[in-house]
Amino acid sequence: MTVAAFSRQIQPPEYSAIAVPAMIDMLDSRLRWLSAWTIHNANHLRPSRDGLKVGGHQASCASMTTLMAALYFHGLGPNDKVAVKPHAGPLLHAIHYLLGNQTLDQLQRFRGFGGAQSYPSRTKDRIPVDFSTGSVGLGVAVTLFASLVQDYLIAHGELDHSSAGRMVALMGDAELDEGNIYEALIEGYKHDIRNCWWIVDYNRQSLDATTADRMFNRFDDIFRTCGWRVLTLKHGKLQKQAFAESGGQHLEHWIDSCPNVDYAALTYQGGAAWRARLQADLAGAPGAHAFLARRDDEQLAQLMTNLGGHCAETIMEAFDSARDDVPTMFITYTIKGYGLPFAGHKDNHSGLMNPSQIAALRQSLNIAEGQEWQPWAGLGDNAAAELQAFMHASPFAATRRNRQAAMVPVPPIPAPQGAEQSTQAAFGKILLDIAKSGHPIASRIVTTSPDVTVSTNLGAWVNQRGLFRRQELKDVFAGAKIPSAQKWFGHGAGQHIELGIAEHNLFLALTALGLAAPLFGTRLLPVGTVYDPFIARGLDVLNYGCYQNARFLLVATPSGVTLGPEGGAHQSINTPLIGIGQPGLTYFEPAYVDELAAIMRWSFEHLQAPDGGSVYLRLTTRALQQVEREDDDWAVGALKGGYWLKKPGHGVKAAIAFTGAIAPEVLAAWDALIEDVPGLGVLNVTSPDLLHRGWSDRRARRWKGGEAAHDPAPSHVEALLAALPVDAGLITVLDGSPASLSWLGGVRGQRVSPLGVDRFGQTGDLPGLYGEYRLDKDAIIDAASELFLD
Ligand SMILES: Cc1ncc(C[n+]2csc(CCOP(=O)(O)OP(=O)(O)O)c2C)c(N)n1
Ligand SMILES: [Mg+2]
């Protein structure tokens, strides 16, 4: 079914005696009440064990009730997905509560342990949530990338056209200040995205204050420039009718030129203040005096706050006028705190109604005391039944949200051959081999990179698999027979999504691609490459993707001061700590390419496992002499986080634990030390992250009960270090923050000499830099001596 076809399908049901806008209005009040009451209960009624403020955003909810009622029960088609403005989370819970998908217990525990989350969460909430939100801007932009993923799946024959939906973001106006919105907009234009709606709750307030007027018309320009249709819903029907009255045209002009802050303050002050101000400003305007005199204060206040975003008919008409696939931004003017006593007040972002204010709201909605949680309280029986039927007849109510996707089998991945290789080059070769293999996994891998495709060694894969473009893109250089190693042309079957240089977009694309299974029912194996230091640029988005359990392989390369001549601006230092500290992401840093091949195979399975997650590989351009393996014992350990590259001797006094590219320095130091320290062991830590997690997990399990509670098996790092006497010292070393490995001493209480980088790098060759930053053979020998001197 096309988008246009299903829009016809979702016309209001015929049976109802109540017109749809009136249904939306009833829902609007229900949502305003339930969201306010849920927050009130959490703050004022539920016993507090810690005295902490609970919080919640009654005003942010109140400005969106009409919009959400109209969107969910008139706007949405069966395949549409929505990112809800974080602070409107209680509205989403209320909608599901009315539909019977959310329990009273969850609402009563809103913001409490095990209860409904403060901001919609795919993983923590018990209702279906399409996209988590919380960090403003990201939930908006991810919908754009989700529409790109949908197009990718359609073009690859993985999703039928008829199953296409619209990716919708309900956003606060302050989210328009986030730079990631514009980065996404630019990328979206390049990729000709479609089927995306961004609906702005234009309440002209952020957290701190009323927002500045100057940007007002500029947003339209920016979006239109990027190929979007912009629909501005400034006035509701009441206002439009009033403008047509004699004298009403002056009011329209006055509203258009009224500064945001004045409008907000007058809204808060109410009818008498509106009258006084309008009488003063419109004095002498023909017909204006009579126009105002025809309304009492209450009617005047109602008229002045009848903005587009609070008028069901206006919103429904706007939705209906945008049912093609053109990306559309709706600027819907609203009042923050609409219908609540602090409407319009500049400080209302975290404002909470006090008990007498909520009681007044309850009474105004005809809700009897004690009936506060009753879903249809305040409505007559017939109206309640009709409203319920109306809601259940909507495509949204019938939609199953999370989809299941079949697993993609992962073949063995052989290690690239060669005596000297870097992990980065080997990564490129492995992907090339997969591309050529024709194995089913090859068609599920989709790669992406923010303008570092070539320099992270993805070029050969792209030569094989092409760029993804909905419209064909010729390789002009190849056509003109100009020699180039990159033969890139774009087409629907292409498997590399080339991004401009914006790391936010990389992580948003990975997030959307990594949610293909639950969102679209088709599994993709996304691989994104980036320079390791620039992970920091997209860090919040990386966290965002992991938080909602998106599955992707992040390959960050080159890394560390090993990058030599590129200098300090490109040399990553703290990324191993990010790898250790980021939940939902397993960090590996292999030294040798056979480890890399095994880790990549493991990763493709981990990306698909129900209890799996995403993976981060920290790679290097430094070519290392590969080691001769005597057996395959290393392989199991490498996938658990480490193995003894040189087994420690009995009763040995020390061992070196290292990670990654400085393996040659470690082995040279071992050669130099072995006579003085017989049996010196070398522990190759392929994943400081897995070792640390396993260690702390085991400790937690002992105390948290469960099957293994009485005798949890030792973690991998405990088993590894058990090969050493407790009084043996450890030299830890990696090209990164020394804290990434120095904790190893805590596992069994061993002394540690930590080496690593904790100052900014600089340009240089490896001997120069390794000497300066104490990563060379001599530093390792000195660190060993330090252990014995102590
Ligand atoms: C990245 C990020 N920075 C800061 C915040 C804190 N914060 C929460 S809401 C908000 C302002 C929201 O204003 P707006 O988007 O207009 O929403 P509304 O007025 O509808 O509440 C801010 C700054 C956040 N959630 N995310
Ligand atoms: Mg706002």
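In which loop is the place of Lys481? In this predicted model, Lys481 sits in the loop between α23 (476–479) and β9 (490–491). Its backbone stands out. Phi of Lys481 is near 55°, a positive value in a residue other than glycine. Most residues other than glycine have a negative phi. Lys481 has a relative accessible area of 73%. Exposed means over 50%, so Lys481 counts as exposed.

A second residue, Arg204, also has a positive phi, of about 60°, although Arg204 is not a glycine. Arg204 is found in the loop between β3 (196–202) and α9 (218–225). Is Arg204 buried or exposed? The relative accessible area of Arg204 is 8%. The cut-off for buried is under 20%, so Arg204 is buried.

Another backbone feature concerns a peptide bond. The bond from Thr557 to Pro558 is cis, with omega near -5°. Most peptide bonds are trans. Pro558 lies in the loop between β12 (553–556) and α27 (575–581).

Gly270 occupies the loop between α12 (260–269) and α13 (271–281). Its relative accessibility is 15%, so Gly270 counts as buried. Gly270 and Ala343 are 73 residues apart in sequence. In space, their C-alpha atoms are 9.3 Å apart.

The next element is a helix. How many of the 11 residues of helix α4 (residues 65–75) are buried? The count is 11 of the 11, so α4 is largely enclosed by the rest of the structure. The buried residues of α4 include Leu67, Met68, Leu71 and Phe73. Thr65, Thr66, Tyr72 and His74 are also among them. An α-helix has 3.6 residues a turn, so residues three or four places apart point the same way. In α4, Thr65 and Ala69 are both buried. Thr66 and Ala70 are buried as well.

The ligand site comes next. Around ligand 1 there are 18 residues. The closest are Ser60, Lys85, Asp173, Gln205 and Lys336. Taken alone, ligand 1 exposes 590 Å². The protein buries 76% of that area. What classes of residue make up the shell around ligand 1? The shell has three nonpolar, nine polar and six charged residues.

Five strands form an open sheet, in the order β16-β18-β17-β19-β20. The pairing in this sheet is mixed. Which strands are at the edges? The edge strands are β16 (643–646) and β20 (752–755). Each of these pairs on one side only. The twist averages 25° from one strand to the next. β16 pairs with strand β18 (residues 681–684) in the antiparallel sense. Three bridges join this pair. Within it, Lys646 stands opposite Val682 in β18.

Note on methods: Residues numbered from 1 in each chain as written. Chains lettered and ligands numbered in written order. Predicted model: local features only at pLDDT ≥ 70, side-chain atom pairs only at ≥ 80, totals over all residues. Heavy atoms only, no water. Pairing = 2+ DSSP bridges. Helix = DSSP H or I, 4+ residues; strand = E, 2+ residues; numbered from the N terminus. Axes fitted to C-alpha atoms, helices over the stretch in contact; angles between N-to-C directions. Near = heavy atom within 4 Å. Areas by Shrake-Rupley, 256 points an atom, 1.4 Å probe, with all protein chains shown as cover. Nonpolar A, V, L, I, M, F, W, Y, C, P; charged D, E, K, R; others polar. Buried < 20%, exposed > 50% of the residue type's maximum accessible area, 1.4 Å probe, protein only.
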